[in-house]
Amino acid sequence: MQKNITLKSAYIHIPFCKKICSYCDFCKNFYNEKIVDDYLDALNNEILNNYKGDVLDTLYIGGGTPSCLSLKQLDKLFNITKRFNLNKIYEYTFECNWDDITEELLIKLRDNKVNRISIGLETFNKRFESFLERKVNEKEMIEKVNLTKKYFNNINVDLMYALYDETLDELKEDLNKIIKLDVNHISTYSLIIEENTKLYINNVKEDDEDLQADMYNLINKVLKENNYIHYEISNYAKKGYESKHNLTYWNNDNYYADRKSVV
């Protein structure tokens, strides 16, 4: 007879974006108010039918772009996620695109028990704006991170590297700017050309493997020199800020997740 499994984490996928990045192969759709509302209704039913009342250590809302939802839709989302029982010492992460961040949004997240923000920066280098098909504005990006720091202490920022024709000097410049943000967690990802992305369709090739290795080693060196612990292949944290949710995946623990179906 199968033993009951206690699940201590949950992942909620919000598969909607206002703009589709050229490299993204995650499950996503263009934002549509009606479809989002229908999706949230389906999510509610999914939780009602499958959540067994476990006390969760971590809850993670990712995407897609969760921050593209309207404030009214966020209220609906948080009314749904209130069904989860959270541990007294919990980690509750919400992913944001930097250009979605406003004071009103941050207050909404804080007031609904979110205590960790993950911000998609990717790069400060304007040269890659059209290539990635995402907005790059260094001044505004720094302002949005600093605004987030007014409301949250536990913040992750994403850095993408090995972009098309990127140099080691350009990567080092991005790294130095991210370090100056003084956030507690940094996630780094090399560009991978996945099938069914615009980059793949346009026959863009990944950078030379030796260069990618040099970039990875540079990231390790620079971040370790600045007191970030390399606790998982793509993740670095200051002491005590390692993501509990990331470690759920890394340790191959069981967790709740919605079906992440295309709607």
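Reader: Which residues does Arg134 touch, not counting those up to four places away in sequence?
Author: In this predicted model, Arg134 touches Cys21, Tyr23, Asn97, Trp98, Gly120, Leu121, Glu122 and Glu129, with residues up to four places away in sequence left out.

Reader: And where is Arg134 found?
Author: Arg134 belongs to the loop between α4 (129–132) and α5 (138–149).

Reader: Which side chain of opposite charge is nearest to Arg134, and how far away is it?
Author: That side chain is Glu122, at 4.3 Å. Arg134 is buried yet has no salt bridge, because a salt bridge requires the side-chain nitrogen to be within 4 Å of a carboxyl oxygen.

Reader: What does the side chain of Arg134 have a polar contact with?
Author: The side chain of Tyr23 is joined to that of Arg134 by a polar contact of 3.3 Å.

Reader: Let us turn to β6. How many of its residues are buried?
Author: Seven of the seven residues in strand β6 (residues 116–122) are buried, so the strand is mostly covered.

Reader: Which residues lie on each side of β6?
Author: Arg116, Ser118, Gly120 and Glu122 are on one side, and Ile117, Ile119 and Leu121 are on the other. Both faces are covered, and all of these residues are buried.

Reader: How many bridges join β5 to β6?
Author: Five bridges connect strand β5 (residues 85–97) with β6, and the two run parallel. Within this pairing, Thr93 stands opposite Arg116 in β6.

Reader: What about β7, and which residue there stands opposite Gly120?
Author: Asp158 in β7 stands opposite Gly120. Strand β7 (residues 154–161) runs parallel to β6, with six bridges between them.

Reader: A change of topic: which peptide bond is cis?
Author: The bond from Gly63 to Gly64 is cis, with omega near 15°. Gly64 lies in the loop between β4 (55–63) and α2 (71–81).

Reader: What is the phi of Asp182, and where is this residue found?
Author: Asp182 has a phi near 55°, a positive value in a residue other than glycine. Its place is the loop between α6 (168–180) and β8 (185–190). Most residues other than glycine have a negative phi.

Reader: Does Asn196 have a positive or a negative phi?
Author: The phi of Asn196 is positive, near 70°. Asn196 is in the loop between β8 and α7 (198–201).

Note on methods: Residues are numbered from 1 along each chain as its sequence is written. This is a predicted model: local features need pLDDT of at least 70, side-chain atom pairs count only at pLDDT 80 or more; totals for chains, interfaces and linings use all residues. Side-chain values use heavy atoms; hydrogens and water are left out. Buried means under 20% relative accessible area, exposed over 50%, partly exposed in between (1.4 Å probe, protein chains only). Helices (H or I, at least four residues) and strands (E, at least two) are DSSP runs, numbered from the N terminus. Two strands pair if DSSP finds at least two bridges between them. Lys and Arg count as positive and Asp and Glu as negative; His and the chain ends are not counted. A polar contact is a pair of N or O atoms within 3.5 Å; within protein, one must be able to donate a hydrogen and the other to accept it, and residues adjacent in sequence count only if both atoms are side-chain atoms. Contact means heavy atoms within 4.5 Å.
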